[in-house]
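Please look over the structure first, then read the notes grouped by topic.

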Amino acid sequence: MSILIIYYSLTNNTKLVSETLAYNLNADIVRIQDQKPRKGFKNRLTTTLDALRENKTEIYPPTLNLRNYDTIYIGTPVWAGKPTPSIVTIIDSCDLRGKDVILFATMSKNGGKKTVERLEKKVRARGGRVIETFTIRTKDRTAEQLINISESLIDLLDLRIYK
């Protein structure tokens, strides 16, 4: 059974969680890159609007071949209570039929539950079966704390059974 972790990260919090999961679960990992500038004050408004409207964006890689994977993790930061445009775009481009999917969101304060609920609807529409979800609050947490929380969730949610 092969595992793939797909994620987008702007501030590297979701990246850290994804890399911790990949290391502990011996999973392959793909970082989705948004080709639209998202950092900086000037881009903040359009970034927020894109998230609220669930706008698609140009991403790299533009699509993924999931044929060799049974379990897919999808991770996103929370933007305005929504998943990022990059993750919305990649989910909409993937065939998830017959795939077990685990969704996770990282957030500064709140909005994680709504975000994974929205992702769950999108994944189901693409034929995937959501088997687990979780959120991680990142505000005021060090990298070491995020790693420890991620490793604790692996055990708490018994994620190794999906290997």
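Lys42 is exposed, because its relative accessible area is 78%, and exposed means over 50%. Lys42 sits in helix α2. The model is predicted.

- Lys42 and Arg118 are separated by 76 residues in sequence. Their C-alpha atoms are 27 Å apart in space.
- Helix α2 covers residues 41–53 and also holds Leu52.
- Asp50 is another residue found in helix α2.

**Nonpolar patch**

- Leu45, Leu49 and Leu52 make a nonpolar surface patch of about 270 Å².
- Leu52 has a relative accessible area of 42%, so Leu52 is partly exposed.

**Salt bridges**

- Side chains of opposite charge can pair when their charged atoms come close.
- The structure holds twelve salt bridges. Three of them are described here, among them the pair of Arg38 and Asp50.
- In the Arg38–Asp50 bridge, the closest N and O atoms are 2.9 Å apart. This pair links distant parts of the chain, twelve residues apart. Arg38 is in the loop between β3 (33–34) and α2, while Asp50 is in helix α2.
- Are the two partners buried or exposed? Arg38 counts as buried, because its relative accessibility is 5%. Asp50 counts as buried too, at 7% relative accessibility. The cut-off for buried is under 20%.
- Glu54 and Lys82 meet through their side chains in a salt bridge, at 3.5 Å from N to O. Glu54 lies in the loop between α2 and β4 (59–60), and Lys82 in the loop between β5 (71–77) and α3 (85–93), so the bridge ties together parts that are 28 residues apart in sequence.
- Glu54 has 13% relative accessibility and therefore counts as buried. Lys82 has a relative accessible area of 23%, so Lys82 is partly exposed.
- Asp95 and Arg97 also meet through their side chains in a salt bridge, at 2.7 Å from N to O. Asp95 is partly exposed, with a relative accessible area of 39%. Arg97 is exposed, because its relative accessible area is 60%.
- One network joins Asp34, Lys36, Arg38 and Asp50 through salt bridges that share partners.

**Helix packing**

- Two packed helices are described by the angle between their axes and the distance between the axes.
- How do α1 and α5 pack, and at what angle? Helix α1 (residues 13–25) packs with helix α5 (residues 143–156) at about 45 degrees, and their axes are 9 Å apart. That angle makes α1 oblique to α5.
- The crossing of α1 and α5 is right-handed.
- α3 packs with helix α4 (residues 112–125) at an angle of about 20 degrees. The axes of α3 and α4 are 9 Å apart.
- α3 and α4 are therefore roughly parallel to each other, because angles under 35 degrees count as roughly parallel.
- α3 passes α4 in a right-handed crossing.

**Backbone geometry**

- Most residues other than glycine have a negative phi, and most peptide bonds are trans.
- Which residues are joined by a cis peptide bond? Tyr60 and Pro61 are, with omega at about -10 degrees. Pro61 is placed in the loop between β4 and β5.
- Asp140 has a positive phi, near 65 degrees, in a residue other than glycine. Asp140 lies in the loop between β7 (129–137) and α5. Asp140 is exposed, because its relative accessible area is 70%.
- Asp158 also has a positive phi, near 55 degrees. Asp158 is found in the segment after α5. At 41% relative accessibility, Asp158 counts as partly exposed.

Note on methods:
Residues numbered from 1 in each chain as written. Predicted model: local features only at pLDDT ≥ 70, side-chain atom pairs only at ≥ 80, totals over all residues. Heavy atoms only, no water. Patch = residues over 30% accessible without salt bridge, like charges linked within 9 Å, V, L, I, M, F, W, Y side chains within 5 Å. Areas by Shrake-Rupley, 256 points an atom, 1.4 Å probe, with all protein chains shown as cover. Salt bridge = Lys/Arg side-chain N within 4 Å of Asp/Glu carboxyl O. Helix = DSSP H or I, 4+ residues; strand = E, 2+ residues; numbered from the N terminus. Buried < 20%, exposed > 50% of the residue type's maximum accessible area, 1.4 Å probe, protein only. Axes fitted to C-alpha atoms, helices over the stretch in contact; angles between N-to-C directions. Parallel < 35°, antiparallel > 145°, perpendicular 65-115°, else oblique. Left-handed = near helix turned anticlockwise from the far one by under 90°.
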